[in-house]
Amino acid sequence: MHQLAKNDIPSNLIWKRYSWDDQENNTPDRKLSKDDLNIPKIGQSVFTHLQELRKDLDGYGIIHQVVHLGILFINENYQITLFDFDDCVYGHFIYDIAMVFSYFVYGKDNAPEFTKHFLEAFFKGYEEYNQLYSKWLKKIPYF
């Protein structure tokens with residue numbers, strides 16, 4: 001999907017999706033607790049950092065934004081079909097990857113071991129279709 005996103009040009013500009021940080025999307029001020037005064041401050045700092053990231057064709061384009069097991073089918077040949085594209089936005093490809101990662105790793109008892117195995121397998125498949133500069137991997141914790 002990310003490889004195809006690099007050439008995405010909507011045939012009608014009215015169909016163009018908004019960007020990940022647009023007010024129409026889940027901005028931090030809607031999600032962070034107001035009980036702890038440090039949380040909104042930290043959240044704003046992370047949000048600002050993410051807004052400053054480069055938006056080049058190799059790392060930014062239309063993304064799904066919420067890939068998890070509930071919105072995909074895997075057939076007997078292990079081909080994945082995604083659906084439920086109503087939350088698509090323009091964003092960093094690593095954002096999509098971080099979301100996949102978080103849905104699959106969150107709550108695992110053996111998270112460090114599972115993470116290593118998961119990321120190795122994920123990127124082995126991902127890199128068959130799209131390459132992502134290694135600098136982006138360091139941004140996963142921000143997303």
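**Entry 1**

I began with Phe 83, which sits in the loop between strand E3 (80-82) and strand E4 (89-92). I recorded a relative accessible area of 31% for Phe 83, so this residue is partly exposed. The model is a predicted one, and I kept that in mind throughout.

Asp 84 has a positive phi of about 65° although it is not a glycine. Its relative accessible area is 35%, and I therefore listed Asp 84 as partly exposed.

**Entry 2: Gln 65**

I located Gln 65 in the loop between E1 and strand E2 (72-74). Is Gln 65 buried or exposed? I found 3% relative accessibility, so Gln 65 counts as buried.

**Entry 3: Confidence**

The mean pLDDT of the protein chain is 88, and 94% of its residues reach 70 or more. By element, confidence is lowest in H2, where the mean is 64, and highest in E4, at 95.

**Entry 4: Salt bridges**

Side chains of opposite charge can pair when their charged atoms come close. How many salt bridges does a search of the whole structure find? The search gave three, and I took them in turn.

Asp 58 forms a salt bridge with Lys 6, and I noted 3.7 Å between the closest N and O atoms. Asp 58 belongs to the loop between H3 and strand E1 (60-63), and Lys 6 to the loop between helix H1 (2-5) and helix H2 (28-31), so this pair ties together parts that are 52 residues apart in sequence. I looked up the accessibility of both partners. Asp 58 is partly exposed at 33% relative accessibility, whereas Lys 6 is buried, with a relative accessible area of 17%.

Asp 56 pairs with Arg 54, the closest N and O atoms being 3.8 Å apart. Here Asp 56 is buried at a relative accessible area of 15%, while Arg 54 is exposed at 54%.

Glu 120 and Lys 116 meet through their side chains in a salt bridge of 2.7 Å, N to O. I placed both residues in helix H5 (residues 111-126), four residues apart, which is about one turn of the helix. Glu 120 counts as partly exposed, with 47% relative accessibility. Lys 116 has a relative accessible area of 53% and is exposed; the cut-off for exposed is over 50%.

**Entry 5: Helix H5**

I next tested the length of H5. At 1.5 Å a residue, its 16 residues should span 22 Å, and the end C-alpha atoms are 21 Å apart, which agrees. Which residues of H5 are buried? I listed Thr 115, Phe 118, Phe 123 and Tyr 126. These residues cover an arc of only 115° around the axis, which puts them on the same side of H5. On the face turned away from that buried side I found the exposed residues Glu 113, Lys 116, His 117 and Lys 124.

**Entry 6: Helix H3**

I repeated the check on helix H3 (residues 38-51). With 14 residues at 1.5 Å a residue, H3 should span 20 Å, and its end C-alpha atoms are 20 Å apart, in agreement. The buried residues in H3 are Gly 43, Phe 47 and Leu 50. They cover an arc of only 60° around the axis, which puts them on the same side of H3. On the other side of H3 I noted Lys 41 and Ile 42, both exposed.

For Lys 41 I recorded 60% relative accessibility, so Lys 41 counts as exposed. Finally, I looked up how far Lys 41 is from Phe 122. The two are 81 residues apart in sequence and 33 Å apart in space, C-alpha to C-alpha.

Definitions and conventions: Residues numbered from 1 in each chain as written. Predicted model: local features only at pLDDT ≥ 70, side-chain atom pairs only at ≥ 80, totals over all residues. Heavy atoms only, no water. Helix = DSSP H or I, 4+ residues; strand = E, 2+ residues; numbered from the N terminus. Expected span 1.5 Å × (residues − 1). Buried < 20%, exposed > 50% of the residue type's maximum accessible area, 1.4 Å probe, protein only. Arc of directions from axis to C-beta. Salt bridge = Lys/Arg side-chain N within 4 Å of Asp/Glu carboxyl O. pLDDT = per-residue confidence, 0-100.
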